[in-house]
Amino acid sequence: MPSDPAAVAPELARLYARVFAEPPYREGPEQVQEFLTYYTEDSAKPGFAVVTAREDGTLVGFTYGTAQAPGKWWPGCDKPPPPAIMDGPSFAVYEWAVDKRYRGRGIGRELMARILAHRPEQWATLTVNPAADAYRIYLRAGWRRVSMSYRDNTPPMVVLIRQIAGWSAIPWGVARGRGDR
Ligand SMILES: CC(C)(COP(=O)(O)OP(=O)(O)OC[C@H]1O[C@@H](n2cnc3c(N)ncnc32)[C@H](O)[C@@H]1OP(=O)(O)O)[C@@H](O)C(=O)NCCC(=O)NCCS
């Protein structure tokens with residue numbers, strides 16, 4: 001993890017701009033500015049984490065997210081949060097991006113593995129545009145569709161959750177954590 005999350009913000013924004021200019025996102029400068037604003041706010045929140053990947057010093061991928069209090073859920077959802085989200089804190093993955101020239105080499109998988117490693121939360125959540133390749137990638141990686149999120153000025157998003165590896169629900173409903181297996 002970078003030592004100063006704020007220091008990498010301009011680099012993240014440049015990569016974000018390139019990646020999310022692609023279809024189906026087709027985002028422009030306004031959304032890049034929004035990303036910077038949210039990232040700056042989020043980086044001050046509890047449980048924030050960012051993981052970056054570099055090739056010869058150049059940023060080629062990143063992912064970031066923050067912890068969510070029990071019951072905290074995505075806006076505009078057509079279903080209430082599942083019990084897993086009500087019962088304890090979760091980790092929301094807000095962004096996951098790899099430079100197009102570096103995709104398909106396992107960098108994305110490694111970024112996701114690292115950000116979810118050693119989390120105190122048992123469940124991770126995110127939203128994804130179902131028209132994006134990432135949607136199929138998430139489903140293959142074990143994320144589960146639990147809701148749709150409908151918001152103004154945003155395409156309908158699928159809400160996914162996934163139990164964080166190292167946690168496993170045992171039959172009587174008690175969760176045991178990493179190091180306890
Ligand atoms: C999603 C993304 C970060 C994945 O990064 P990546 O470095 O290409 O991912 P990896 O090479 O680690 O591949 C991860 C898995 O996805 C699979 N995969 C990669 N590209 C794929 C594609 N276009 N279609 C289907 N599966 C694909 C890989 O085979 C791999 O599967 P495995 O773990 O079972 O072997 C990258 O494609 C990206 O930046 N996409 C645009 C931004 C985006 O949509 N982000 C998600 C927003 S919610």
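**Leu 36 and the rest of the chain**

Student: Is Leu 36 buried, exposed or partly exposed?

Tutor: This is a predicted model. Leu 36 is partly exposed, because 16 other C-beta atoms lie within 10 Å, and a residue needs 20 or more to be buried.

Student: Which element is Leu 36 found in?

Tutor: Helix H2, residues 29–42.

Student: And what does Leu 36 touch?

Tutor: Leaving out residues up to four places away in sequence, Leu 36 touches Ala 9 and Ala 13. Leu 12 is 24 residues from Leu 36 in sequence, and their C-alpha atoms are 8.4 Å apart.

Student: Now the core. Which residues touch the most other members of the largest nonpolar core?

Tutor: Phe 62, Val 93, Leu 111, Ile 115 and Ala 124, out of 34 residues in that core. Elements giving two or more residues to the core include helix H1 (9–19), strand E3 (90–98) and helix H4 (107–116). E3 gives the most, with 6 residues.

Student: What does Ile 115 touch?

Tutor: Ala 49, Val 51, Thr 63, Gly 65 and Val 93, again not counting residues up to four places away in sequence.

Student: Changing topic: how many helices and strands are in the chain?

Tutor: There are 5 helices and 8 strands. In sequence order the pattern is α-α-β-β-α-β-α-β-α-β-β-β-β.

Student: What about the radius of gyration?

Tutor: The chain has 16 Å, which agrees with a compact globule of 181 residues, where the value would be near 16 Å. The C-alpha trace spans about 50 × 35 × 30 Å along its principal axes.

Student: What share of the residues is buried?

Tutor: Buried residues make up 26% of the 181.

Terms used:
Residues numbered from 1 in each chain as written. Predicted model: local features only at pLDDT ≥ 70, side-chain atom pairs only at ≥ 80, totals over all residues. Core = buried A, V, L, I, M, F, W, Y, C linked by C-beta atoms within 7 Å. Buried ≥ 20, exposed ≤ 12 C-beta atoms within 10 Å, placed from the backbone. Helix = DSSP H or I, 4+ residues; strand = E, 2+ residues; numbered from the N terminus. Contact = placed C-beta atoms within 7 Å. Rg over C-alpha atoms; globule rule 2.2 N^0.38 Å.
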